[in-house]
Structure formats: structure tokens, C-alpha cells
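Please look at the structure below before reading on.

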Amino acid sequence: MPHSLLALVLTSTLGAAPSPDLTVRYEPAGSPRAEQAMTVLKESEALKTGIKLPKPVEVVARDCDEPSATWDGEERRITICYSLVGEIRRTLTGISQTEEADARTTDHRVDAALTVLFHHQLGHALGAMNGLPDSEGQADQFAALTLASDAPKRVAHAAEARHLLAGHTDLDHLSGQDESATFACLLYGADPAKHARIAQGGWVPAERAPLCAGEYNRVKSAIGAWRPSRLTQ
Ligand SMILES: [Zn+2]
């Protein structure tokens with residue numbers, strides 16, 4: 001019964017304590033580089049969420065052989081590798097330096113990108129826990145819905161960061177121009193007036209922007225019941 005579960009999932013309470021259904025564990029970092037990535041991930045607060053989950057989920061940040069992020073359905077565990085966090089940070093810092101963006105902008109982009117990374121993995125988890133077949137597109141759809149309700153102040157930076165990372169094919173789950181445009185469209189469509197920067201920034205193509213509220217509403221009704229009154233506090 002995906003819909004009844006999703007109704008629970010999407011009743012996020014803004015500003016709430018971290019979801020008791022979600023536990024976060026940081027494993028020791030084995031190098032100065034991993035240590036730095038751990039600090040960046042902690043300070044980003046990307047793993048804090050008020051989204052209610054149908055079942056408990058563990059998030060583990062750790063050293064890995066490959067820079068990746070994964071969802072393990074049997075263990076109900078999201079793994080985020082320090083090396084992937086480091087790559088995201090280095091890539092966005094490099095872009096920001098090229099653009100001569102200030103340090104604050106860079107930090108916002110990094111924090112937002114890590115938030116996208118987490119919500120995308122949460123999207124894989126929510127799809128699986130609701131008995132839906134897994135796909136990258138669906139994980140992004142969940143991610144857009146949960147991020148828009150969970151971290152509304154990060155929405156524009158999330159679309160921007162994903163746009164900036166889209167051309168970097170080695171970034172697990174975050175690469176791809178089409179995927180980035182669809183993700184931006186859903187975030188923008190959640191509230192086009194509030195998130196106007198997404199259209200102004202060109203992170204969603206201009207000709208697509210007017211269609212995004214419709215896209216968002218279709219996704220919203222396709223993957224779950226929604227209680228907007230809980231999301232506009
Ligand atoms: Zn994915």
C-alpha cells in the first residue's frame with residue numbers, strides 16, 4: 001500500500017528534532033582527507049531531516065574503496081563515502097574559484113550538494129520501503145519532494161549545485177544534464193514564486209520552466225499523498 005505509507009513519509013515537520021527513525025553514524029576517517037570530508041559533512045547538517053520514515057534507516061559515513069553512495073535494502077542502510085563527499089567539495093570549490101564566487105556562496109553550494117546527495121539516497125530508500133521498483137529517476141523524484149519540504153531554504157542552492165555538478169560524470173548519482181534539469185524543474189515547480197532563482201539561474205531550461213508546477217504536481221500525486229498544510233508553517 002504505497003500511498004498510505006507515503007502519506008506518513010511526507011508529513012515532515014519543519015524545525016523538528018532529527019527523525020528518530022533515522023540514525024547517523026560516522027566511522028573513523030583513515031586519512032586527513034577523509035577527516036576533512038567528515039567535518040564538511042557534519043558541518044553541512046545535510047543528514048538532518050524531519051522526514052518521517054516508514055521503517056528505521058541507518059546512515060553510515062565511512063571510508064570506502066570507491067567514492068560512492070549506496071542504499072542497502074536488506075540492512076536498510078545508506079552509506080556515504082568520505083571520498084565522494086571530498087570529490088563533491090573539491091569540484092564545487094574549483095568551479096566557485098573559477099567564477100570568483102565568494103566563500104559563503106561556495107559553502108552554500110557544498111552544503112546543498114551534500115543535502116541533495118543524502119535526499120537522493122533517501123529517495124532510493126523510500127522507493128524500496130514502499131515496494132516500488134528502483135530507478136534513478138524515481139529516487140530524484142522522492143529527493144525533490146523531501147528536500148523541498150525538509151530544507152526549503154536550500155532548494156535554490158540545491159538546484160544550482162546539481163546543475164554545476166551535472167557535467168562531472170564521476171560523481172555518483174549526481175551527474176547528468178537531463179537529470180539535473182528534471183530535478184531543478186521539480187524543485188522549482190514546488191513553489192515557482194519562492195524558488196524563482198532556479199528559473200532565473202537557468203538551472204531549469206527557460207522553455208520548460210512554465211511546465212514545472214504541473215510536473216511537480218504530477219509527481220506528487222503519482223508517488224504519494226501530500227499534506228501541504230504541514231509544510232507551510
Ligand atoms: Zn541513485
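What is the order of the four strands in the open sheet? The order is β1-β2-β4-β3, and the pairing is mixed. This is a predicted model, in which local features need pLDDT of at least 70 and side-chain atom pairs count only at pLDDT 80 or more, while totals for chains, interfaces and linings use all residues. Residues are numbered from 1 along each chain as its sequence is written. Helices (H or I, at least four residues) and strands (E, at least two) are DSSP runs, numbered from the N terminus. Two strands pair if DSSP finds at least two bridges between them.

β1 and β3 (69–72) stand at the edges with a single partner strand each, so one side of each has no neighbour in the sheet. On average, neighbouring strands of this sheet are turned by 15° against each other, direction ignored. Axes here are lines fitted to C-alpha atoms, for helices over the stretch in contact, and angles run from 0 to 180 degrees between N-to-C directions.

Helix α3 (residues 82–99) lies across β2, β3 and β4 and runs at about 55° to β4. Helix α4 (residues 103–129) packs on the sheet and touches β2, β3 and β4, its direction making about 20° with that of β3. Contact between two residues requires that their C-beta atoms, placed from the backbone, lie within 7 Å.

Other helices pack against each other. The axes of helix α7 (residues 177–190) and helix α9 (residues 212–223) come within 7 Å and cross at roughly 95°. α7 and α9 are therefore roughly perpendicular to each other. For such labels, angles under 35 degrees count as roughly parallel, over 145 as roughly antiparallel, 65 to 115 as roughly perpendicular and the rest as oblique. In this contact, residues including Cys185 and Leu186 in α7 meet residues of α9, among them Cys212 and Ala213.

Helix α5 (residues 136–150) also meets α7: their axes come within 9 Å and cross at roughly 30°. α5 is therefore roughly parallel to α7. Among the residues making this contact are Ala144 and Leu147 of α5 and Phe183 and Leu186 of α7.
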